[in-house]
Amino acid sequence: MIYHTHGGGMFSGDHRIVLDPLLDEAQALGATLVSVAYRLAPEHPHPAPLDDVHAGLLWTVEHAAELGIDPDRIIAAGTSAGGGLTAALALTLRDTGGPRLLGTPDE
């Protein structure tokens, strides 16, 4: 599964922008694409966007069976501000004990 966080400087955009190339990539990989929405600034400053991205991933993992995805095979990706949120998400998951993303080192 590809868990995608959109760009937009944390103040614009939504989870549906630039989906066509992402859907093509997911299809080529035989993967499911989940594109997460998050609250935008300035109305919702940090850590609201990160909290939303984290909560979305936890929800996705908790509902993996009904979504037909493998919760042990998650790739997190993002563009621009979404890339920063994805990096912060990886650190949050590391610090809170999971779930583990593909490509992160075992400790």
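Leucine 57 is buried, at 0% relative accessibility (buried means under 20% relative accessible area, exposed over 50%, partly exposed in between, with a 1.4 Å probe and protein chains only). This is a predicted model, in which local features need pLDDT of at least 70, side-chain atom pairs count only at pLDDT 80 or more, and totals for chains, interfaces and linings use all residues. Residues are numbered from 1 along each chain as its sequence is written, and side-chain values use heavy atoms, with hydrogens and water left out.

**Confidence**

- The chain has an average pLDDT of 93 (pLDDT is the predictor's confidence in each residue, from 0 to 100).
- A score of at least 70 is reached by 98% of the residues.
- Among the elements of the chain, helix H2 (residues 48–62) has the highest mean pLDDT, 98. Helix H1 (residues 19–29) has the lowest, 93.
- Helices (H or I, at least four residues) and strands (E, at least two) are DSSP runs, numbered from the N terminus.

**Leucine 57**

- Helix H2 holds leucine 57.
- Leucine 57 and glycine 103 are 46 residues apart along the chain. Their C-alpha atoms are separated by 16 Å.

**Helix H4**

- Helix H4 covers residues 81–96, 16 residues that should span 22 Å at 1.5 Å a residue (the expected span is 1.5 Å times one less than the number of residues).
- The end C-alpha atoms of H4 are 22 Å apart, which agrees.
- The buried residues of H4 are Ala81, Gly82, Leu85, Thr86, Leu89, Thr92 and Leu93.
- Seen down the axis of H4, these buried residues fall within an arc of 135 degrees, so they line one face of the helix. The arc is that of the directions from the helix axis to the C-beta atoms.

**Pockets**

- A pocket is found on a 1 Å grid over the protein atoms alone, as an open set of points where a 1.4 Å probe fits, with protein on both sides within 12 Å along at least five of seven lines; lining residues have an atom within 4 Å of a point.
- The largest pocket holds about 270 Å³ of space (grid points are joined across faces, edges and corners, and a volume is the space filled by probe spheres set on the points).
- Its lining has 12 residues. Ala90, Leu93, Arg94, Thr104 and Pro105 lie nearest the centre of the largest pocket.
- That lining divides into 6 nonpolar, 3 polar and 3 charged residues (Ala, Val, Leu, Ile, Met, Phe, Trp, Tyr, Cys and Pro count as nonpolar, Asp, Glu, Lys and Arg as charged, and the others, Gly among them, as polar).
- The second largest pocket holds about 180 Å³. Residues lining the second largest pocket include Met1, Ile2, Asp70, Arg73 and Leu102.
- The lining of the second largest pocket splits into 7 nonpolar, 2 polar and 2 charged residues.

**Backbone exceptions**

- Most residues other than glycine have a negative phi, and most peptide bonds are trans.
- The bond from histidine 46 to proline 47 is cis, with omega near 15 degrees. Proline 47 sits in the loop between strand E2 (33–36) and H2.
- Glycine 98 and proline 99 are also joined by a cis peptide bond, with omega about 0 degrees. Proline 99 lies in the segment after H4.
- Methionine 10 has a positive phi of about 65 degrees. Methionine 10 is in the loop between strand E1 (2–5) and H1, and is partly exposed at 30% relative accessible area.
- Serine 80 has a positive phi near 55 degrees. Serine 80 is in the loop between strand E3 (75–78) and H4, and is exposed at 65%.
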